[in-house]
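Reader: I am new to this structure and would like to know what stands behind the words used for it. Please set each value against its definition.

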Amino acid sequence: MVEVMTEEDSIRNLFIENPQFIANSFDFPVGKPDAKGYYNAQSFGKNNHLGDDWNGNGGGNSDKSDPVYSIATGYVSKAINYFGGWGKVVTIIHSYKDGDSLILKESLYAHLDTMMVHKGDWITKGQEIGKIGTADGIYLAHLHLEIRQEPGMPLGQGYSSDKKGYLDPTLFIRRHRLIQSNE
Ligand SMILES: [Zn+2]
């Protein structure tokens with residue numbers, strides 16, 4: 001018998017082998033801690049938005065090139081320039097314990113001015129992973145943040161009436177500011 005390991009199992013094993021990168025807390029991706037100096041200009045669900053749009057309180061492009069931080073420890077799964085409406089995008093897989101299970105989620109940071117990490121990098125919470133951008137002048141500078149239910153979902157469109165697989169980032173981060181471990 002050949003045992004078939006799913007992609008998700010192999011990611012889970014990666015975290016089991018590197019337990020120091022299992023997350024025990026989450027924070028917002030800008031203005032750490034707690035998004036100080038930023039506001040959510042288009043929250044999850046508004047206009048069928050699949051993420052949050054973080055903008056500096058100064059408005060306009062005042063937040064361009066501000067640091068973007070990883071919302072938790074994790075593993076960089078993508079750092080790709082898609083050009084067009086997405087621009088430079090970083091995705092990070094996070095893992096945390098819920099009872100006996102190891103939960104996996106993936107965060108996505110879009111329209112970046114600069115990417116400061118590469119696929120395969122291990123990341124700590126609050127580490128600068130890039131800078132806020134405009135997707136090469138398409139938008140006023142802001143950070144589009146998504147949190148996906150599981151790793152490896154397609155890039156998507158950023159907007160959809162079908163929210164399957166997408167979590168409300170602000171709600172998720174608030175609920176996981178501190179993760180209680182049973183150990
Ligand atoms: Zn957005």
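This is a predicted model: local features need pLDDT of at least 70, side-chain atom pairs count only at pLDDT 80 or more; totals for chains, interfaces and linings use all residues.

Reader: Why is Asp136 called exposed?
Author: Exposed means over 50% relative accessible area, buried means under 20%, and partly exposed is in between (1.4 Å probe, protein chains only). Asp136 has 63% relative accessibility, so the residue counts as exposed. Asp136 lies in the loop between β9 (128-131) and β10, and its phi is near 60°, a positive value in a residue other than glycine.

Reader: What makes Phe83 exposed?
Author: The relative accessible area of Phe83 is 52%, so Phe83 is exposed. Phe83 is found in the loop between β4 (74-81) and β5 (88-98). Its phi, near 55°, is positive in a residue other than glycine.

Reader: Why does Pro154 count as exposed, and what does it touch?
Author: Pro154 counts as exposed because its relative accessibility is 64%. Pro154 is found in the loop between β10 and β11 (166-167). A contact means heavy atoms within 4.5 Å. Not counting residues up to four places away in sequence, Pro154 touches Arg148 and Tyr166. The C-alpha atoms of Pro154 and Asp34 are separated by 29 Å, and these residues are 120 apart along the chain.

Reader: What makes His49, Asp53 and His144 the protein donors of the zinc ion?
Author: Donors are N, O and S atoms within 2.8 Å of the metal (3.2 Å for Na, K and Ca); water is not among the atoms, so sites may look incomplete. His49 (NE2), Asp53 (OD) and His144 (ND1) lie 2.0 to 2.1 Å from the zinc ion. Along the chain these donors follow the spacing H-x3-D-x90-H. Asp53 lies in strand β2 (residues 52-56) and His144 in strand β10 (residues 143-148), so this pair ties together parts that are 91 residues apart in sequence. Both Asp53 and His144 are buried.

Reader: How do you know what counts as a helix or a strand, and how many of each are there?
Author: Helices (H or I, at least four residues) and strands (E, at least two) are DSSP runs, numbered from the N terminus. The chain has three helices and eleven strands. From the N terminus on, the order is α-α-β-β-β-β-β-β-β-β-β-β-β-α. Helix α2 (residues 31-35) holds Pro33. The peptide bond from Lys32 to Pro33 is cis, with omega near -10°.

Reader: What does the radius of gyration of the chain agree with?
Author: The radius of gyration is taken over C-alpha atoms, and the globule rule is 2.2 Å times the number of residues to the power 0.38. For 183 residues a compact globule would have a value near 16 Å; the chain has 16 Å, so the two agree. The C-alpha trace spans about 55 × 30 × 30 Å along its principal axes.

Reader: How many of the residues are buried, and what part of the contacts joins residues at least 24 apart?
Author: Of the 183 residues, 46% count as buried. Among contacts between residues at least 6 apart in sequence, 65% join residues at least 24 apart.

How values were computed
Residues are numbered from 1 along each chain as its sequence is written. Side-chain values use heavy atoms; hydrogens and water are left out.
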